[in-house]
Amino acid sequence: MFSADNEILKFHSWTDRRADGHEVFDFLKNFDAKKITFAGGVAGPGGFSSLRAAAGILNAIAFAAEIPVHQIRADHWISAFLGHENFLLNSFGSAVWKIKNGEIFRTEISELPKKEFFTKLLPPEKSEKISSIPGDSSGSEKTLLSVLEKTKPQDGFHPDYEFPPV
């Protein structure tokens, strides 16, 4: 949660995807929806359940606060934060997302080129299999806000599912 001056008021994260709704509702219960002036989120690529939860929460906030929603894909956000595309994002199974020339590709870890990548956004069981560029992702939240503010406002949040829901 950011202030009107773009300072972080409160930050909360979790790793258990099954806890999305619970974690977000506990976080938001301390804020008055009518005082929220900006809503935005990362649209994917990602799993159906997590993105469905994000869509429900962001759309509810936007409806309650009578504001539009801003969104950006994870690869665009992380590229802006790092200043390069030499990073990997998590995918299902033993796959990762690789970025090249602004395009995102899903690939198996075993098929990656023999080079170093920024892997701090991967779970340990994947990152330990890949040569890693040093660095961390601290401070990426302010970059997220900055890039979200530059996106076109929409009537609702539209997830970019890794695999379309059936």
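Helices (H or I, at least four residues) and strands (E, at least two) are taken here as DSSP runs, numbered from the N terminus. On that basis the chain has five helices and five strands, and reading along the sequence gives the pattern α-β-α-β-α-β-β-β-α-α. The radius of gyration is 16 Å, close to the 15 Å that the globule rule gives for 166 residues, so the chain is as compact as a globular protein of that length. Here the radius is taken over C-alpha atoms, and the globule rule is 2.2 Å times the number of residues to the power 0.38.

The model is a predicted one, so local features are reported only at pLDDT of at least 70 and side-chain atom pairs only at pLDDT 80 or more, while totals for chains, interfaces and linings use all residues. Residues are numbered from 1 along each chain as its sequence is written, and side-chain values use heavy atoms, with hydrogens and water left out.

As for overall dimensions, the C-alpha trace spans about 50 × 40 × 25 Å along its principal axes. Of the 166 residues, 39% count as buried; buried means under 20% relative accessible area, exposed means over 50%, and partly exposed is in between (1.4 Å probe, protein chains only). The accessible surface comes to about 10100 Å², with 54% of it belonging to carbon and sulfur atoms. These areas come from the Shrake-Rupley method with a 1.4 Å probe, and for residues only the protein chains shown count as cover.

An α-helix has 3.6 residues a turn, so residues three or four places apart point the same way. Arginine 52 and histidine 158 are 106 residues apart in sequence, but their C-alpha atoms are 9.2 Å apart in space.

Towards the other end of the chain, helix H5 (residues 140-149) includes serine 140. Ser140, Thr143, Leu144, Leu145, Val147 and Leu148 are buried in H5, and what covers the buried residues of this helix includes E1, E2 and helix H3 (74-82). Serine 140 itself has a relative accessibility of 6%. Setting aside neighbours within four places in sequence, serine 140 is in contact with Trp77 and Phe81. Phe81 turns up again for serine 137, which contacts Phe81, Phe118 and Leu121 with neighbours within four places likewise left out. Serine 137 is found in the loop between helix H4 (124-127) and H5, and is partly exposed, with a relative accessible area of 27%. From serine 137 to glutamate 103 the C-alpha distance is 21 Å, for a sequence separation of 34 residues.

A few backbone details in the loops are worth a look. Most residues other than glycine have a negative phi, and most peptide bonds are trans. Glycine 44 and proline 45, however, are joined by a cis peptide bond, with omega about 5 degrees; proline 45 lies in the loop between strand E1 (39-42) and H2. Glutamate 66, though not a glycine, has a positive phi of about 55 degrees. That residue is found in the loop between H2 and strand E2 (69-72) and is exposed, with a relative accessible area of 67%. Asparagine 101 also has a positive phi, near 55 degrees, and lies in the loop between strand E4 (95-100) and strand E5 (103-108). At 67% relative accessibility, asparagine 101 counts as exposed.

Note on methods: Contact = heavy atoms within 4.5 Å.
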